[in-house]
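Let's take a walk through this structure together.

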Amino acid sequence: MLTKAEKTSEFIVQTVAPIFNKNGYAATSLSDITKATGLTKGAIYGNFKNKEDLAIAAFTMTVKNMLRRITDHQTLSNSPVEKLFLITDFYRNYYNYSQELGGCPVLNMGVDAKHQNSPLFKYVQYTIDKIQNNLALLINEGKNCEEIKSDIDSIIYSKRLYTMIIGAIFMTHTMEDNSYLLQTMDQIDTMILNELKL
């Protein structure tokens, strides 16, 4: 059971996460935060050390929720190769989902924090490493199950796949055209079939 303070912290994070994601760290003011939450400056800083601490908590929560959705979607199959296809299936619908969040949190915060907030930027790098490592583990699992070719370099492919996904997300949001994501997911599916699958 959450304490009153924990409930307040959770409410603050959930309320301001889309604001940080949409506006960016620097452009989100304390007045934006107090206006959205209906709380005073004292109440905000009673729960978080500073704006940076709150931004990191908001980013972490948003990414956790996103990764949970991907993981839940992958439970539809036990096959490593099928799980790779379920990842592309998830990202085919990512544009609408990420619109609710104010855009892609990894992309938005990565660009926003790069030159403005080193600790937040490190969290983004950590998240990207985690996503790529999870993809590499899935490819390794596929090799162990003899579903994926044994000579595949799992890290190289995981980086390649995630680079294609993030590039497609960027183009889809920038051009407001979901076809970039749809066509890139088709291309990744072809790559899985032709280059990875045994």
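**Starting from a serine**

Serine 158 has a relative accessibility of 1%, so it counts as buried, the cut-off being under 20%. Keep in mind as you look that this is a predicted model. You'll find serine 158 in helix α9, which covers residues 154–175. And what is serine 158 in contact with, once its neighbours within four places in sequence are left aside? Those contacts are Gln132, Leu135, Ala136 and Ile139.

Now for the core. The largest nonpolar core has 56 residues, and the ones touching the most other members are Phe20, Leu54, Leu84, Tyr91, Tyr94, Val106 and Ile169. At least two residues of this core come from each of α1 (4–23), α4 (51–74), α5 (80–92), α6 (94–101), α7 (105–113), α8 (118–144), α9 and α10 (179–196). Helix α4 gives the most, with nine residues.

Let's pick out tyrosine 91 from that group. Not counting residues up to four places away in sequence, tyrosine 91 touches Ile70, Tyr162, Ile165, Ile169, Leu181 and Met185.

Next, head over to helix α4, where phenylalanine 59 sits. Is phenylalanine 59 buried or exposed? With a relative accessibility of 4%, phenylalanine 59 counts as buried. Setting aside residues up to four places away in sequence, phenylalanine 59 touches Pro105, Val106, Met109, Leu120, Tyr123, Val124 and Thr127. There's also valine 13 to look for: valine 13 and phenylalanine 59 are 46 residues apart along the chain, and their C-alpha atoms are separated by 8.9 Å.

Definitions and conventions
Residues are numbered from 1 along each chain as its sequence is written. This is a predicted model: local features need pLDDT of at least 70, side-chain atom pairs count only at pLDDT 80 or more; totals for chains, interfaces and linings use all residues. Side-chain values use heavy atoms; hydrogens and water are left out. Helices (H or I, at least four residues) and strands (E, at least two) are DSSP runs, numbered from the N terminus. Buried means under 20% relative accessible area, exposed over 50%, partly exposed in between (1.4 Å probe, protein chains only). Contact means heavy atoms within 4.5 Å. A nonpolar core is a set of buried Ala, Val, Leu, Ile, Met, Phe, Trp, Tyr and Cys residues joined through side-chain atoms within 4.5 Å.
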